[in-house]
Amino acid sequence: MSDEATATVEYSAEAKELGDKIANMTLKQAKELSDYLKDEHGIEPAAGGGAVMMAPAGDAGAPAAVEQTEFDVVLTAFGDKKLNVVKVVKNITGASLMEAKKMVEGVPATLKEAVSKEDAEKIKAEVEEAGGSVELK
């Protein structure tokens, strides 16, 4: 039995190439892949989660964590000035007044996806100035 436990697993070149491509995807690319698999092939992530990206384990030569360049702006609360927050959300998202109201009342709500840190900070400041709370993910 000890021979089986120490046996080396062999991977095909195709599996290695595909695995390396997936491991090196950006978050936006992983989301696109997840959406594609769902829409075109009916394959959904297990337990309702998104694509899970993990850094290779045990590789001492691996680069340090890559700085996040794209952020999702998520409204987490609207505070006591709901109307002001609805107006700001309407302007940010381009939604109708009713759609913006539904987003605000249905917190948490993603206002923007995959925006630059600068844009995310700007949106966060606008919403917070109106009385809402925002989280960058």
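These exercises, with worked solutions, explore a predicted model of one protein chain.

**Exercise 1. Overall layout**

Task: Find how many helices and strands the protein chain has, and in what pattern they follow one another.

Solution: 
- Start with the count. The protein chain holds six helices and three strands.
- Now read along the sequence. The pattern is α-α-α-β-α-α-β-α-β.
- Turn to burial. The chain has 137 residues, and 17% of them count as buried.
- Finish with the contacts. Take those between residues at least 6 apart in sequence: 67% of them join residues at least 24 apart.

**Exercise 2. The span of helix H3**

Task: Check whether the span of helix H3 (residues 27-41) agrees with 1.5 Å a residue.

Solution: 
- Helix H3 has 15 residues.
- The rule is 1.5 Å times one less than the number of residues.
- So H3 should span 21 Å.
- In the model, the end C-alpha atoms of H3 are 20 Å apart, which agrees.
- Look just past the helix.

**Exercise 3. Lys28 and its partners**

Task: Decide how exposed Lys28 is, and find which residues it contacts beyond its sequence neighbours.

Solution: 
- Lys28 lies in helix H3.
- Apply the cut-offs. Buried means under 20% relative accessible area, and exposed means over 50%.
- Lys28 has 40% relative accessibility, so it counts as partly exposed.
- Set aside neighbours within four places in sequence. Lys28 then contacts Glu70 and Ala114.
- Compare sequence with space. Lys28 and Phe71 are 43 residues apart in sequence, and their C-alpha atoms are 9.7 Å apart.
- Follow up on Ala114. This residue sits in strand S2.
- The phi of Ala114 is near 55°, a positive value in a residue other than glycine.
- Ala114 is partly exposed, because its relative accessible area is 30%.

**Exercise 4. Where H4 meets H5**

Task: Describe how helix H4 (residues 82-93) and helix H5 (residues 97-105) cross.

Solution: 
- Take the axes. They come within 8 Å and cross at roughly 115°.
- The crossing of H4 and H5 is right-handed.
- List the H4 side. Lys82, Val85, Val86, Val89, Lys90 and Thr93 take part.
- List the H5 side. Their partners are Leu97, Ala100, Lys101, Met103, Val104 and Glu105.
- Sort the residues of this contact. Seven are nonpolar, one is polar and four are charged.
- Move on to the loop between H5 and S2, where Pro108 is found.
- The peptide bond from Val107 to Pro108 is cis, with omega near 0°.

**Exercise 5. The two sides of H6**

Task: Find which residues of helix H6 (residues 117-130) are buried, and what they pack against.

Solution: 
- Check the length. H6 has 14 residues and reaches 20 Å from its first C-alpha to its last, close to the expected 20 Å.
- Pick out the buried residues of H6. They are Ala120, Ile123, Val127 and Ala130.
- These residues cover an arc of only 90° around the axis, so they lie on the same side of H6.
- Turn to the other side of H6. Glu118, Lys122 and Glu129 are exposed there.
- Find the packing partners. The buried residues of H6 pack against strand S1 (70-77), H4, strand S2 (109-116) and strand S3 (133-136).
- End with the next residue. Gly131 follows H6 and has a positive phi, near 110°.

Note on methods:
Residues numbered from 1 in each chain as written. Predicted model: local features only at pLDDT ≥ 70, side-chain atom pairs only at ≥ 80, totals over all residues. Heavy atoms only, no water. Helix = DSSP H or I, 4+ residues; strand = E, 2+ residues; numbered from the N terminus. Axes fitted to C-alpha atoms, helices over the stretch in contact; angles between N-to-C directions. Left-handed = near helix turned anticlockwise from the far one by under 90°. Contact = heavy atoms within 4.5 Å. Nonpolar A, V, L, I, M, F, W, Y, C, P; charged D, E, K, R; others polar. Buried < 20%, exposed > 50% of the residue type's maximum accessible area, 1.4 Å probe, protein only. Arc of directions from axis to C-beta.
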